[in-house]
Amino acid sequence: MQRSTLLSGALLAVVAGLLCLVGEALGLDTQHVALVGGALGGVVGLVQDRTPAMRATGFLIGLFVAWLGFAVRALYLPDSASGRAVAAVAVVAVCVAFTAGSADRIPLWTLLLGAAAMVAVYEETYTADSPAFLAQSPSAATGVLLAAGIGFLATSLQRPRPVPAAEVPADDTRELASTEGDRA
């Protein structure tokens, strides 16, 4: 295992623990979002696809699109399987539209991760009390954004590592970087 993987994992673990401890001490509700937000933010930081700014932008947009999906559910859709289905289709379609509109500069997977983060931390609360959407959703969104942002920063501290030629499939068309000195 490379040192960079160990360092990223250790930083992410420390961040998750600190989010729980510091969040409680400050009266923030970060305990239930620390792992989900930190891990998803960590993924956005670790995956070397597009620029860090484009990956972070995609995550933010996806989270906001999912938040809007909850707003549409609260205002216009029945609280039923069909209402959830319409909202899910709309959220994914809007995420795809953002990727297409950006000419693929914003990767779809980041939008979907952002949407998944919002749904993961807020769906249960929404289901329990959908009329309280405006009062409850901002704390869920900000909590997961804080955790994801810290996870993103913790894993983005590592410099990108080129993929060694031995690990790239023969049909892969990516440019291979020199593998000299890549193994630590």
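Start on the surface. Select Val14, Leu18, Leu21 and Val22: together they form a nonpolar patch with about 370 Å² of accessible area. Patches take residues with over 30% relative accessible area and no salt bridge; nonpolar side chains (Val, Leu, Ile, Met, Phe, Trp, Tyr) are joined within 5 Å, like charges within 9 Å. Areas come from the Shrake-Rupley method with a 1.4 Å probe, and for residues only the protein chains shown count as cover. Leu21 lies in helix H1, residues 3-25. Leu21 counts as exposed because its relative accessibility is 59%. Exposed means over 50% relative accessible area, buried under 20%, partly exposed in between (1.4 Å probe, protein chains only).

This is a predicted model: local features need pLDDT of at least 70, side-chain atom pairs count only at pLDDT 80 or more, and totals for chains, interfaces and linings use all residues. Numbering runs from 1 along each chain as its sequence is written, and side-chain values use heavy atoms, without hydrogens and water.

Now colour by secondary structure. The chain has 6 helices and 0 strands. Helices (H or I, at least four residues) and strands (E, at least two) are DSSP runs, numbered from the N terminus. Of the 184 residues, 36% are buried. The accessible surface comes to about 10,300 Å², and 69% of this belongs to carbon and sulfur atoms.

Go inside. Which residues touch the most other members of the largest nonpolar core? Select Phe59, Leu63, Met118 and Tyr122; the core has 32 residues. H1, H2 (34-46), H3 (52-76), H4 (81-101), H5 (108-128) and H6 (133-156) each supply at least two of the core residues. Such a core is a set of buried Ala, Val, Leu, Ile, Met, Phe, Trp, Tyr and Cys residues joined through side-chain atoms within 4.5 Å.

Stay on Leu63. Leaving aside neighbours within four places in sequence, Leu63 is in contact with Gly114, Ala115, Ala117, Met118, Ala141, Val144 and Leu145. Contact means heavy atoms within 4.5 Å.

Next, Ala34 in helix H2. Is Ala34 buried or exposed? Ala34 is buried because its relative accessibility is 1%. Beyond four places in sequence, Ala34 touches Ala16, Leu19, Cys20, Ala39 and Ala147. Draw a C-alpha distance from Ala34 to Cys20: 6.3 Å, across 14 residues of sequence.

Then show H6. Its buried residues include Phe133, Gly143, Ala147 and Phe152.

Finish with the charges. Side chains of opposite charge can pair when their charged atoms come close. The whole structure holds 4 salt bridges. A salt bridge is a side-chain nitrogen of Lys or Arg within 4 Å of a carboxyl oxygen of Asp or Glu.

Pick Glu123 and Arg73: their closest N and O atoms are 2.9 Å apart in a salt bridge. The pair links distant parts of the chain, Glu123 in H5 and Arg73 in H3, 50 residues apart. Arg73 counts as buried because its relative accessibility is 7%.

Last, select Asp49, Arg50 and Asp104, which a network of salt bridges links. Arg50 to Asp49 is 2.4 Å, N to O. Asp104 to Arg50 is 3.8 Å, N to O. Here Asp104, in the loop between H4 and H5, is linked to Arg50, in the loop between H2 and H3, 54 residues apart.
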